[in-house]
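Student: I would like to go through this structure and check the terms as they come up. Where should we start?

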Amino acid sequence: KCAQMNELTTEDRQMMQGKICLVTGASRGIGLHIALGLASMGAFVVLTGHNQARGESASRYVNAFAAGDCSDFMLVDHSSQEQIHEFAEAFKQNYSHLDVLVNNAGGFFLKREESVDGIEMTFALNHLNYFMTTMLLLDSLLQGKAPRIINVASESHRGEFMRFSNLQLLGEYNALRAYGQSKLANLLFTYELSRRLLDTDVTVNALHPGFVNTHLGKQDNLVRPIMNMVHFLFGKSPKEGAETALYLASSPEVRDVTGFYFIDKQPVRSSDESYDLEEAFRLWKISEELCSLEVARVRPGYLKQLPTHLTKNW
């Protein structure tokens, strides 16, 4: 801990002073290290997770790491729409605004499962969770100072497409296919939201954290030994995996940058499929329907000329 803190300059430690940040899925792994980094730069960080004991322990660790009362934990199962609603209401009651939202909570499921809402779990947790959390907290973000939304996506989106005729993969479930589709959905959502918020000061970006040694994909006893070995041999540490998210959340270099996909702190082009305007609009409408939301504040307002990087022709 001391070595990591000594890496920070006084300016680093004050970079996020006074900011309120929310990191979902932050009780361990990448999310925890994103929270640690933001707190060490002076932010107050709200961590979420579905395990009370683990989440409270993570919050205590963040406070000890940053040497102050700089974090809180809120319990929520991000695959449950009712719990996301309750969490968003509780957040708005406790905090006047939100400066940075990092959508990180997600999962990889070897076998097909359904959420409590009857939705395929990968799609519910990895995409609808991002959509719903962001939409329900958008008013809080609009009250923030230079607000930023960061969506943790993945290179797994490449080569995938949205199976709109069977989004929930009934009868054709494949874990890699489900995960890749959900990560493509993250990018379609990121770009669509950035287009809809072009007339605000909210920025929206996505990132690939790298192949990180986390608990993702280790829920199943059959796959755990394989994933442990692969992660050990080739994976980044969670601390390394958090670096690009921290850059997007805090760096003045990207203060006005929106609608990009980053790897190792550099913008890169994602797949052609991810820039498809019609697919993005279709996914948005389906997401509204599945979440029983209609977000009046962010109606399509981008029929004017779009920045080149927000189109398929970039």
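Tutor: Start with the word buried, which means under 20% relative accessible area, while exposed means over 50% and partly exposed lies in between (1.4 Å probe, protein chains only). Helices (H or I, at least four residues) and strands (E, at least two) are DSSP runs, numbered from the N terminus. This is a predicted model, where local features need pLDDT of at least 70, side-chain atom pairs count only at pLDDT 80 or more, and totals for chains, interfaces and linings use all residues. Residues are numbered from 1 along each chain as its sequence is written, and side-chain values use heavy atoms, with hydrogens and water left out.

Student: What does the secondary structure of the protein come to?

Tutor: The protein has 12 helices and 8 strands. Of its 314 residues, 57% are buried.

Student: Which residues of H3 are buried?

Tutor: They are Gly29, Ile30, Gly31, Leu32, Ile34, Ala35, Leu36, Gly37, Leu38, Ala39 and Ser40. That is 11 of the 12 residues in H3, and the helix is described as mostly covered. Just after H3, glycine 42 takes a positive phi of about 105°.

Student: How do you know that the span of helix H3 agrees with its number of residues?

Tutor: The expected span of a helix is 1.5 Å times one less than its number of residues. For the 12 residues of H3 (residues 29–40) this should give 16 Å, and the end C-alpha atoms are 17 Å apart, which agrees.

Student: Why is alanine 58 called buried?

Tutor: Its relative accessible area is 4%, and the limit is under 20%, so alanine 58 counts as buried. Alanine 58 lies in helix H4 (residues 52–66).

Student: Which residues does alanine 58 touch?

Tutor: Leaving out residues up to four places away in sequence, alanine 58 touches Ala26, Ser27, Leu32 and Leu47; contact means heavy atoms within 4.5 Å. The C-alpha atoms of alanine 58 and alanine 35 are separated by 9.3 Å, and these two residues are 23 apart along the chain. Across the protein, 75% of the contacts between residues at least 6 apart in sequence join residues at least 24 apart.

Student: What makes strand E5 mostly covered?

Tutor: In E5 (residues 148–152), 5 of its 5 residues are buried. Arg148, Ile150 and Val152 point one way from the strand, Ile149 and Asn151 point the other way, and all are buried.

Student: How many bridges join E5 to strand E6?

Tutor: There are 5, and E5 runs parallel to E6 (residues 203–208). Isoleucine 150 stands opposite asparagine 205 in E6. From E5 the chain crosses through helix H8 (residues 175–196) to E6, a right-handed β-α-β crossover. Right-handed means that, with the strands pointing away from the viewer, the path from the first strand over the helix to the second runs clockwise.

Student: Why is the pair of lysine 92 and glutamate 89 called a salt bridge?

Tutor: The term needs a side-chain nitrogen of Lys or Arg within 4 Å of a carboxyl oxygen of Asp or Glu. The closest N and O atoms of lysine 92 and glutamate 89 are 3.3 Å apart, so the pair qualifies. The two residues are 3 apart in helix H5 (residues 81–94), which puts about one helical turn between them. Lysine 92 is partly exposed at 32% relative accessibility, and glutamate 89 is partly exposed at 43%.

Student: How many salt bridges does the structure hold?

Tutor: It holds 10. One of them joins glutamate 160 and arginine 163, with the closest N and O atoms 2.9 Å apart. Glutamate 160 is buried, with a relative accessible area of 15%, and arginine 163 is buried at 12%.

Student: What makes the contact between the side chains of arginine 195 and glutamate 192 polar?

Tutor: A polar contact is a pair of N or O atoms within 3.5 Å; within protein, one must be able to donate a hydrogen and the other to accept it, and residues adjacent in sequence count only if both atoms are side-chain atoms. The distance here is 3.0 Å, so it is inside the limit. Arginine 195 is in helix H8 and is buried, with a relative accessible area of 1%.

Terms used
Two strands pair if DSSP finds at least two bridges between them.
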